[in-house]
Amino acid sequence: MIVGTAVCPHPPLLLRELTGGEDVAAPLREACHGALAELAATAPDRLIVVGGGTSTGEHNDAPVPARAYGGDGPRVAQAEALPLSLAVARRLLDETGNELPVELHTVARDADAGEVAALAARLAGRGERVGLMVMGDGSARRGVKAPGHLDERSFAFDDTVHRAVSEGDTAALAGLDAGLAEELMAAGRAAWQVMAAAVELDGVPVRAGVRYADDPFGVQYLVGVWTCESS
Amino acid sequence: MLRLRGRDYGADTSLVMAIVNRTTDSFYDKGATWAEGPALERVRKVVDEGADIVDIGGIKAAPGEEIDADEEKRRVVDFVAAVRAEFPDLIISVDTWRATVGEAVCEAGADLLNDAWGGHDPGLAEVAAEQGAALVCTHTGGVTPRTRPHRVAYDDVVRDAIDSTVAQAERAVALGVDPASAIIDPAHDFGKNTWHSLELTRRLDEMVATGWPVLVSLSNKDFVGESLDLPVGERLTGTLAATAVSAWHGAQVYRVHEVAETRQVLDMVASIRGVRPPARTVRGLA
């Protein structure tokens, strides 16, 4: 059963070596570490990471492709490295000294409801205590200097996600419009929906909260935590 | 490895040496820091702008009024002491070719003797050794101090510069100068025409390959002016271009008039070389 979830964003700049002399993402990284600590406090036996990707599938552990984004370290062909969302998760887990077994999944960012439900069914209903680490970003169109320039619809979309995560509202996440999310460059939509669907299969969130929500570079970053009980 | 005032600097660390003239007639500042007050103000300004070293000089390089050793000492020794008192950690260099002056400034607190006339007075290296000072060994082609080049010719100016400066550095070390504190300088424009200085810049990597730390003094010099057909006062861009090329080749110390601009160029080249992380990178990574 799923005993808790932690929601984190996955911008490359969470990898410390990518931002040069200044650690621009320090507060965000700290919030992610805090969310992982809260997730660990739910005493899971295993962590399952679900992050947005180009396709849906389970991944073996692999190197973090920091070099592909300009950092130091060995060159690893991107095909042989973790996809970005899982790579950031891997780094956050390493930074927090995780020792639990970790299972890595991507969900296609354009996944439809059936694909989301199928993955959720794989993650729910297990005999062991599962902590879900969900990697997803909000809209990348939250200002004229944002990666995707300004789309005013971003604010309502991200507010919906914020409210749903802060209140443990699985139905609100399930109701996010996939087409709108794609237009708004919101990479987290499918991953959040997998979380909502898996938690619904297993139980209910009894405590929910947002630990960070900001868009310092035009992309909405949301960190949140759910503690769950079986229904 | 470069060691100055007891501090070690790796090969990828560049240092800016700001020129402070106690002269009435230097070509660039034309006496602006002749008086002690303005000269100290200049030191404060360049330190604030990020200078690692100040290079204090009492005699202009070009021909001019005769300045004997006593007058040179009057211009620089007490001033060195004043700078040392106000800036206990600052690396102080003095631009002189005279051993007697070198000895006096070291006793007043100087760390580095900039022998800009290439060992004209062999006693200067002995003073550096005795005083535990660092020494800049420059290439002048053997000319007399304060003379202009006239029909100078070299079989290979870079070879000549390497042979001369390395020999001076080795002699200094044999006399007792710390091997990490002997610096070599091809001395652009000194005993050279513009073609020679351009070739030295182009092939500066060959000097760097000797393993001795390399100092370049490019600032607003005639080789920049002749290359661009620009008078003194309009040579900063050309100076910075030469600075960037020298930095790419691995020069470590830059003797300059304009500190802030030089620091920016050196930081930028260091980031391009991959030895200095950019200050703050977000573009494309959010």
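**Contacts, burial and helix angles**

Mentor: Chain A gives 14 residues to the contact and chain B gives eight. Two residues are in contact if their C-beta atoms, placed from the backbone, lie within 7 Å. On the side of chain A that touches chain B, nine residues are nonpolar, four polar and one charged. Here Ala, Val, Leu, Ile, Met, Phe, Trp, Tyr, Cys and Pro are nonpolar, Asp, Glu, Lys and Arg charged, and the others, Gly among them, polar.

Trainee: What kind of model is this, and which pLDDT limits apply?

Mentor: The model is predicted; local features need pLDDT of at least 70, side-chain atom pairs count only at pLDDT 80 or more, and totals for chains, interfaces and linings use all residues. Residues are numbered from 1 along each chain as its sequence is written, with chains lettered from A and ligands numbered from 1 in the order in which they are written.

Trainee: Why does W97(B) count as buried?

Mentor: A residue is buried with 20 or more other C-beta atoms within 10 Å of its own, exposed with 12 or fewer, and partly exposed in between. W97(B) has 23 such neighbours, so it is buried. W97(B) sits in the loop between β5 (91–95) and α3 of chain B; helices (H or I, at least four residues) and strands (E, at least two) are DSSP runs numbered from the N terminus.

Trainee: What does W97(B) touch?

Mentor: Beyond its neighbours within four places in sequence, its contacts include D115(B), W117(B), H120(B) and D121(B). W97(B) and D121(B) are 24 residues apart in sequence, with their C-alpha atoms 6.2 Å apart.

Trainee: What makes α4(B) oblique to α5(B)?

Mentor: The axes of α4 (residues 123–131) and α5 (residues 157–175) of chain B cross at roughly 45° and come within 8 Å. Axes are lines fitted to C-alpha atoms, for helices over the stretch in contact, and angles run from 0 to 180 degrees between N-to-C directions. Under 35 degrees is roughly parallel, over 145 roughly antiparallel, 65 to 115 roughly perpendicular, and the rest oblique. The angle therefore makes α4(B) oblique to α5(B). Among the residues in this contact are A125(B) and E126(B) of α4(B) and R171(B) of α5(B).
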